[in-house]
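Me: I would like to go through this chain with you, starting from its overall architecture and then moving to particular residues. Please state your cut-offs as we proceed.

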Amino acid sequence: MTAVRLAEVPILAPLGEEEIARIAALGRERRLAVGEFLFRQGERASAFHVVLEGRLETTRGVAGEEVLMMSHGPGGYLGAVALLTDTPYRGSTSALAQTVVFELDGDELRRLAFAHPSLMRAVLPAIESVSGTVKGLERDREKLLAVGKLAAGLAHELNNPAAAASRGVSTLR
């Protein structure tokens, strides 16, 4: 059953039936309840995940807040960027609905990516996209923090003369 489902996943389309059957035999299905985490930001990447059913959401902690990075439905995949670049997961991913994912060990994904250049070419745009999203989120959050500090400083500067004028009026009375 899993091999048939994996054959329908666009990222795995370049692989032949035998390779997909091999992947299905090496991997495993994992079920997630609503709110359950698949992985958390900063954890060492260990598996490649393909969403078979349900919906996942990836968020990233930026300046103390969780910011939505992306959503993943059936056919979506996660973990390739972290595994191929040997970096920790860049965000935390949890289930928005009852979800079934297929998990493949990271070493097996690396073997596949280097043995099948078409698979590597399919993953490369995701690396660029995730990196751009992370940089954009962090840049935007830094700008918002800077604007907040500026507004607080401006309010303080405006409040001081207003308080002085108020004290002056009280004294004159």
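Reply: Helices (H or I, at least four residues) and strands (E, at least two) are taken here as DSSP runs, numbered from the N terminus. On that basis the chain has five helices and eight strands. This is a predicted model, in which local features need pLDDT of at least 70 and side-chain atom pairs count only at pLDDT 80 or more, while totals for chains, interfaces and linings use all residues. Residues are numbered from 1 along each chain as its sequence is written, and side-chain values use heavy atoms, with hydrogens and water left out.

Me: In what order do the elements run from the N terminus on?

Reply: The order is α-α-β-β-β-β-β-β-α-β-β-α-α.

Me: What share of the residues counts as buried?

Reply: Of the 173 residues, 39% are buried. Buried means under 20% relative accessible area, exposed over 50%, and partly exposed in between (1.4 Å probe, protein chains only). The chain exposes about 9900 Å², of which carbon and sulfur atoms supply 56%. Those areas come from the Shrake-Rupley method with a 1.4 Å probe; for residues, only the protein chains shown count as cover.

Me: And how much of the contact total comes from residues 24 or more positions apart?

Reply: Such pairs account for 74% of the contacts with a separation of 6 or more. Contact means heavy atoms within 4.5 Å.

Me: Which residues have the most contacts inside the largest nonpolar core?

Reply: They are Leu-6, Ile-23, Phe-48, Leu-56 and Phe-102, in a core of 31 residues. At least two core residues come from each of α2 (17–26), β2 (37–39), β3 (47–53), α3 (80–85), β8 (99–105) and α4 (106–115). A nonpolar core is a set of buried Ala, Val, Leu, Ile, Met, Phe, Trp, Tyr and Cys residues joined through side-chain atoms within 4.5 Å. In soluble globular proteins, nonpolar side chains tend to be buried together.

Me: Let us stay with α4. Which of its residues are buried?

Reply: Gly-106, Glu-108, Leu-109, Leu-112 and Ala-113 are buried in α4. Seen down the helix axis, they fall within an arc of 155°, so they line one face of α4. The arc is that of the directions from the helix axis to the C-beta atoms. The face turned away from the buried side carries the exposed residues Asp-107 and Phe-114.

Me: What happens at the start of α4?

Reply: There, a side-chain oxygen of Asp-105 reaches to within 3.2 Å of the backbone nitrogen of Asp-107.

Me: Changing topic: how many aromatic pairs are found?

Reply: The search of the whole structure gives two. Rings of Phe, Tyr and Trp (its six-membered ring) pair if their centres lie within 6.5 Å; planes under 30 degrees apart count as stacked, over 60 as edge-to-face and the rest as tilted. The rings of Phe-39 and Tyr-89 have centres 3.7 Å apart and planes at 10°, so this pair is stacked. Phe-39 lies in β2 and Tyr-89 in the loop between α3 and β7 (92–95), so the pair ties together parts that are 50 residues apart in sequence. Phe-39 is buried at a relative accessible area of 6%, and Tyr-89 is buried with a value of 6%.

Me: And Phe-48 with Tyr-77: what is the geometry there?

Reply: Their ring centres are 5.9 Å apart with planes at 45°, so the pair is tilted. Phe-48 belongs to β3 and Tyr-77 to β6 (residues 77–78), so parts 29 residues apart in sequence are tied together. Phe-48 counts as buried at 4% relative accessibility, whereas Tyr-77 is partly exposed at 22%.

Me: Back to β4. Is Thr-59 buried or exposed?

Reply: Thr-59, in strand β4 (residues 56–62), is buried at a relative accessible area of 14%. Its side chain makes a polar contact with that of Glu-66 (2.8 Å). A polar contact is a pair of N or O atoms within 3.5 Å; within protein, one must be able to donate a hydrogen and the other to accept it, and residues adjacent in sequence count only if both atoms are side-chain atoms.

Me: Where is Leu-56?

Reply: Leu-56 is also in strand β4, and Leu-56 is buried with a relative accessible area of 0%. Leu-56 and Ala-95 are 39 residues apart in sequence, yet 4.5 Å apart in space, C-alpha to C-alpha.
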